[in-house]
Structures are given as C-alpha cells and as structure tokens.
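Subject: Structure handover

Dear colleague,

Here is the structure you asked for. My notes on it follow below.

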Amino acid sequence: MAEQALTADPVPDGRAVVPASPSARALLPVAADGVELVARFFRALADPARLRLLEFLLPAEHTVSECVAHIGLSQGRVSVHLACLADCGYVQVRRSGRFAWYKVADPRVADLVMLARSLAADNAAALADCVRIAPDPAGRPQPPPA
C-alpha cells in the first residue's frame, strides 16, 4: 500500500489544508519554520516538572508557593518552570501585591494533557522499551511506570 503524501497546499497563515477525506491524516505545518514551531511547542512540555505544574494549574490558579509545595522543588526551580510555561503561552500570571498567581491560559491545554495521558497509557509498553529517547534528559532516575 502506498504511503499517503505528507504535504498539502498551504493556506496564507502557513498551515496545511487538511483533506476532507475521513481517511486523511492531519498534517503538520508545511513551512519548515512551522514544523520547528510545533517541535518547540512539544519541547516546552517535555519536562516532567512542567507537566506536573500544568496538571496542578488546570482546575484553579495557584501561587508560586502553592506550586512549590505541590511539586516539591525549590522556589527557584518552580519559578523557572513557570516562566518557561508563561513565555510559551501555556500559563498566565496575575500579580496581586507580593503574590504571583498562575493559571492555565487556554482551556485546550486540559484536552492536550488528557489526550497525552491516554496515548501514553495506550503505548506504555513501547514507551518503556524505547531506547532512542532517554527517560530523563537530566539523567535523574524515573519512577517505574504504573
């Protein structure tokens, strides 16, 4: 069976037009910088601490101190992770006096996190056996899959 082409005519904003056929796959942006942007989008989520922070912030906004207590990392590390998430548009910050309150910026983040958890669960054995991607770029030991 022939592979379906992974190209399509771009629309003015650089995204590929997805064919209406139900058997067609969704496509990444056609432009090279569009693919790089999508890769950067996922790299921002590639850190377990940032994912835990996002999950913690999904139901309600929290202060940095609350995030520190929940994640168990130093205030400095949590602040760096929150700044990364804010710079990438995943979270918003609201300042009130000496406190900074963080919340998820877009409700679609919840859908993304839930879809990622579902896909990871469905592919847990393959992900656990994958030798091409290190478990943690920092070399920290990871807990065994549940």
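In what follows, a strand is a DSSP run of E of at least two residues, and strands are numbered from the N terminus. By that count Ala100 sits in strand β3. Please keep in mind that the model is predicted.

Overall layout

The chain has six helices and three strands. Their order along the sequence is α-α-β-α-α-β-β-α-α. Of the 146 residues in the chain, 22% are buried. The chain exposes about 10,600 Å², and 61% of that comes from carbon and sulfur atoms. Among contacts with a separation of 6 or more, 37% are between residues 24 or more positions apart.

In soluble globular proteins, nonpolar side chains tend to be buried together. Here the largest nonpolar core has 19 residues, and Leu54, Leu82 and Tyr90 touch the most other members. At least two residues each come from α2, α3 (64-71), α4 (75-87), β3 (99-104) and α5 (108-122). The helix α2 gives the most, with four residues.

Tyr90 deserves a separate entry. Apart from neighbours within four places in sequence, Tyr90 is in contact with Phe41, Ala44, Leu45, Leu54, Leu85, Lys103, Val104, Ala105, Asp106 and Val109.

The buried residues of α2 are Ala49, Arg50, Leu53, Leu54, Phe56 and Leu57. Because these residues span an arc of only 160° around the axis, they lie on the same side of α2.

In α3 the buried residues are Val64, Cys67 and Ile71. Their arc around the axis is only 60°, so they too are on the same side of their helix, α3. They pack against α2, β1, α4 and β3. Ser65 and Ala69 are exposed, on the face of α3 turned away from its buried side. Just after α3 comes Gly72, which has a positive phi of about 85°.

Around Ala100 and Thr63

Leaving out residues within four places in sequence, Ala100 is in contact with His62, Thr63, Val64, Val93, Arg94 and Arg95. Ala100 and Glu61 are 39 residues apart in sequence, and their C-alpha atoms are 9.8 Å apart in space.

Thr63 belongs to strand β1. With a relative accessible area of 8%, Thr63 is buried as well. Not counting residues up to four places away in sequence, Thr63 touches Phe99, Ala100 and Trp101.

Salt bridges

How many salt bridges does the structure hold? There are four, and three of them are described here, among them the pair Arg94 and Glu61.

Arg94 and Glu61 have their closest N and O atoms 2.5 Å apart. This pair links distant parts of the chain: Arg94 is in strand β2 (residues 91-96), while Glu61 is in the loop between α2 (48-57) and β1 (62-63), 33 residues apart. Both are partly exposed, Arg94 with a relative accessible area of 38% and Glu61 with 27%.

Glu36 and Arg43 also meet through their side chains in a salt bridge, 3.1 Å from N to O. Glu36 is partly exposed at 45% relative accessibility, and Arg43 is partly exposed at 44%.

In the salt bridge of Arg108 with Asp106, the N to O distance is 2.7 Å. Arg108 is exposed, since its relative accessibility of 60% is over the 50% cut-off. Asp106 has 23% relative accessibility and counts as partly exposed. Asp106 is also one of the residues in contact with Tyr90.

Where the pieces meet

Leu54 is one of the buried residues of α2 and one of the core residues that touch the most other members.

Regards

Methods
Residues numbered from 1 in each chain as written. Predicted model: local features only at pLDDT ≥ 70, side-chain atom pairs only at ≥ 80, totals over all residues. Heavy atoms only, no water. Buried < 20%, exposed > 50% of the residue type's maximum accessible area, 1.4 Å probe, protein only. Contact = heavy atoms within 4.5 Å. Areas by Shrake-Rupley, 256 points an atom, 1.4 Å probe, with all protein chains shown as cover. Core = buried A, V, L, I, M, F, W, Y, C linked by side-chain atoms within 4.5 Å. Arc of directions from axis to C-beta.
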